[in-house]
Amino acid sequence: MENIDAIRIHLSQDNLSILNLCLAFIMFGVALDMRISDFKRIAEYPRAVAIGLTSQLLLLPLFTVALIKVWGPYPSIALGLIMIAACPGGNISNFAVHLGRGNAALSVTMTSVVTLGAIVLTPLSFALWSRLVPETRPLLREISVDALSMVRIIVQLILIPLVIGMLTNYRFPALTRRIRRTVRSLSIVLFMAFIIFAIVSNLDNIVKYLHLVFLLVIVHNLGALAIGYYFAKGARLPVGDCKAISMETGIQNAGLGLILIFNFFGNLGGMMLVAAFWGVWDLVSSFALAVYWNRKASSTQTPLSTISERQP
């Protein structure tokens, strides 16, 4: 096996702090689209939310561990897949569900619940599922990541920006409407610019080792999308709900995964490469699937599913 961990993203403490701030700013932008009503909406879709959370928080990690067992990737690559599975859904899922004529209100509710729950769920889920892959144990012992330290970082990167963003939305709705689009665009541009800068500095190694994760990430992502859809369909949920749960299961917050990797697993290039490629690929797959669903719905004259009053 080639030494994929030869990949190094060297970040000074100052650069790491800037990267953390970029993600915090992104989460602030996400929170500008969140309201208390998103959580109250659980009462409207109790069964759909329960099925969606089961798919995302249980079935996806189980599928990830099973795929690792069958595929047998390098240990750091396995940890990268587990990290992705432990992260909350990406906020692009709401746009993808709306485009694909799914239940965007359900999608927004699930994103809000899982993102807030990530403060505890992400470190616990990563610790739990990584222990089921014996090949990763030597790496975990060598790194010895403190779960409380990961919680502290996630509180700084998710909870605090979410609280500030939701308060801004609640107290200053007119200001929020004016800045929402600018904040979202600027945060993504800043974050992508920083990640691209870091990756370009290691481009030779990344090109050299990309083949080790390319097909694996695609199978992992497509499997996650399929699990979400067909698990919901098997539970006899409406098609719009199946689409929402598919996207929430198949689109993960790879940005958070990268930040945690930079903070705690800087010597594991395999983890970094998985998260970086996942973050690019799930944008491609989710957009392609949403367009397919949209065209299929249009051809059969399927009416739009219930969507949230907020548009991405």
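How many helices and strands does the protein chain have? The protein chain has 14 helices and 0 strands, where helices (H or I, at least four residues) and strands (E, at least two) are DSSP runs numbered from the N terminus.

## Model and overall fold

This is a predicted model, in which local features need pLDDT of at least 70, side-chain atom pairs count only at pLDDT 80 or more, and totals for chains, interfaces and linings use all residues. Residues are numbered from 1 along each chain as its sequence is written, and side-chain values use heavy atoms, with hydrogens and water left out.

From the N terminus on, the element order is α-α-α-α-α-α-α-α-α-α-α-α-α-α. Of the 312 residues in the protein chain, 53% are buried; buried means under 20% relative accessible area, exposed over 50%, and partly exposed in between (1.4 Å probe, protein chains only). Contact means heavy atoms within 4.5 Å. Among contacts between residues at least 6 apart in sequence, 89% join residues at least 24 apart. The accessible surface of the chain is about 14200 Å², with 65% of it belonging to carbon and sulfur atoms; accessible areas come from the Shrake-Rupley method with a 1.4 Å probe, and for residues only the protein chains shown count as cover.

## Nonpolar cores

A nonpolar core is a set of buried Ala, Val, Leu, Ile, Met, Phe, Trp, Tyr and Cys residues joined through side-chain atoms within 4.5 Å. The largest one has 59 residues, and those with the most contacts inside it are Met83, Phe126, Leu260, Phe265 and Met271. Helix H14 (residues 269-299) supplies the largest share of this core, 9 residues. Another core lies apart from it and has 23 residues, including Ala232, Leu237, Cys242 and Trp293.

Not counting residues up to four places away in sequence, Met83 touches Phe126, Gly257, Leu260, Ile261, Phe265 and Met271.

## Helix H5

In helix H5 (residues 92-99), the buried residues are Ser93, Asn94, Ala96, Val97 and Leu99. Their cover includes helix H6 (104-130), helix H12 (239-250) and H14. Just after H5, Arg101 takes a positive phi of about 60°.

Ser246 is in helix H12 and counts as buried because its relative accessibility is 1%. Leaving aside neighbours within four places in sequence, Ser246 is in contact with Ala224, Leu225, Gly228, Tyr229, Leu289 and Trp293.

The structure holds 5 aromatic pairs; rings of Phe, Tyr and Trp (its six-membered ring) pair if their centres lie within 6.5 Å, with planes under 30 degrees apart counted as stacked, over 60 as edge-to-face and the rest as tilted. The rings of Tyr229 and Tyr230 have centres 5.2 Å apart and planes at 75°, so this pair is edge-to-face. Tyr229 is buried at 16% relative accessibility, whereas Tyr230 is exposed at 54%.

## Surface positions

Trp71, Phe214, Leu215 and Val219 form a nonpolar surface patch with about 350 Å² of accessible area together. Patches are made of residues with over 30% relative accessible area and no salt bridge, with like charges joined within 9 Å and nonpolar side chains (Val, Leu, Ile, Met, Phe, Trp, Tyr) within 5 Å; a salt bridge is a side-chain nitrogen of Lys or Arg within 4 Å of a carboxyl oxygen of Asp or Glu. Helix H11 (residues 214-234) gives the most to this patch, 3 residues.

Leu190 is placed in helix H9 (residues 173-200) and is partly exposed, with a relative accessible area of 41%. The C-alpha atoms of Leu190 and Phe25 are separated by 9.4 Å, while the two residues are 165 residues apart along the chain.
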